[in-house]
Amino acid sequence: MSNKLRLTALGAALAFGLTACGGGGAGSGGGNDTADAAPEDLTIGVSMPTQTSERWIADGDNVQSQLEDAGYQVDLQFANDDIPTQSQQIDQMITQGADLLIVAAIDGTALSSQLQAAADANIPVISYDRLIRDTDNVDFYVTFDNFAVGQAQANALLVGLGLQNADGSAGSATGPFNIELFAGSLDDNNAFFFFNGAMDVLQPLIDDGTLVVPSGQTDIEQAATLRWQQETAQSRMETLLTGSYNDGTVVNGVLSPYDGISRGIITALQNAGYGPNLDSTPVRCRS
């Protein structure tokens, strides 16, 4: 989804969310009526997970700028991939009287006490991109077609291998090709959509032998990368190379759902003698 469409959806959710302050929705209890308030009298707390990814910096800046253009006051905070930091920042937003919270969670199950506090203060909550789970205190969820994103990532891998052309037609290569699979963090609901979408494309080719996974690690639990961290991905790729490619077998391609993970994979491959001009050419996911 483009930034424009995504933020249009966010704006619609925001409008409903502010109305929910006055009645209806998990964040409403009748004591914080802002339904008729002017935008300049309302403060939106925006909690983003990290500044280590250009994606989240851009998302935070875009959300802030478009809300401010609409007249709202915005408190934008980045949590540096640290759950206690994000929890503390959201607590502070609530204490300082935010009228609505937009939260892209580091861990989709780790904010239940903060969201309960928001509900108790009649503050509606929009879960942004990463689904916040195991709580009733989320009013709206704004996201993308993440299954389709995973399919696009897998198709990009096939194009890189020459099995498919950019227009979707069959490529000239026939395989078999050795690949490895990486997934996002298991505490992020999006990781499952990305991986399942990718496997929807790749599994038939694995089944017919066109693609081979020498490590045998084809389940998301095996492919997962905690917190989407570059260092974790690099370490796993190094382990895969040592364990499954030390007999001269060559890696032909790697599925990666995120730029940071791609950088870790590329570093491990370059250290093992691949490259030096490896090109990740990622299809950007939204996590």
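Predicted model: local features only at pLDDT ≥ 70, side-chain atom pairs only at ≥ 80, totals over all residues.
Residues are numbered from 1 along each chain as its sequence is written. Local features need pLDDT of at least 70 and side-chain atom pairs pLDDT 80 or more, while totals for chains, interfaces and linings use all residues, and side-chain values rest on heavy atoms, leaving out hydrogens and water.

Let's start with the helix. H2 runs over residues 54-69 (helices are DSSP runs of H or I with at least four residues, strands runs of E with at least two, numbered from the N terminus). Its 16 residues reach 22 Å from first C-alpha to last, close to the 22 Å expected at 1.5 Å a residue (that is, 1.5 Å times one less than the number of residues). Arg55, Trp56, Asp59, Gly60, Val63 and Leu67 are buried in H2 (buried is under 20% relative accessible area, exposed over 50%, partly exposed in between, with a 1.4 Å probe and protein chains only). They sit on the same side of H2 because they cover an arc of only 130° around the axis (taken from the directions from the axis to the C-beta atoms). Glu54 and Asp69, both exposed, are on the face turned away from that buried side. After H2 comes Gly71, with a positive phi near 105°.

Now the strands, which pair if DSSP finds at least two bridges between them.

| Pair | Sense | Bridges |
|---|---|---|
| S3 (residues 100-103) and S4 | parallel | three |
| S4 and S5 (residues 140-142) | parallel | three |

Ser127 of S4 is the bridge partner of Val103, and Tyr141 in S5 is the bridge partner of Ser127. Val125 and Ser127 point one way from S4, Ile126 and Tyr128 the other, and all are buried.
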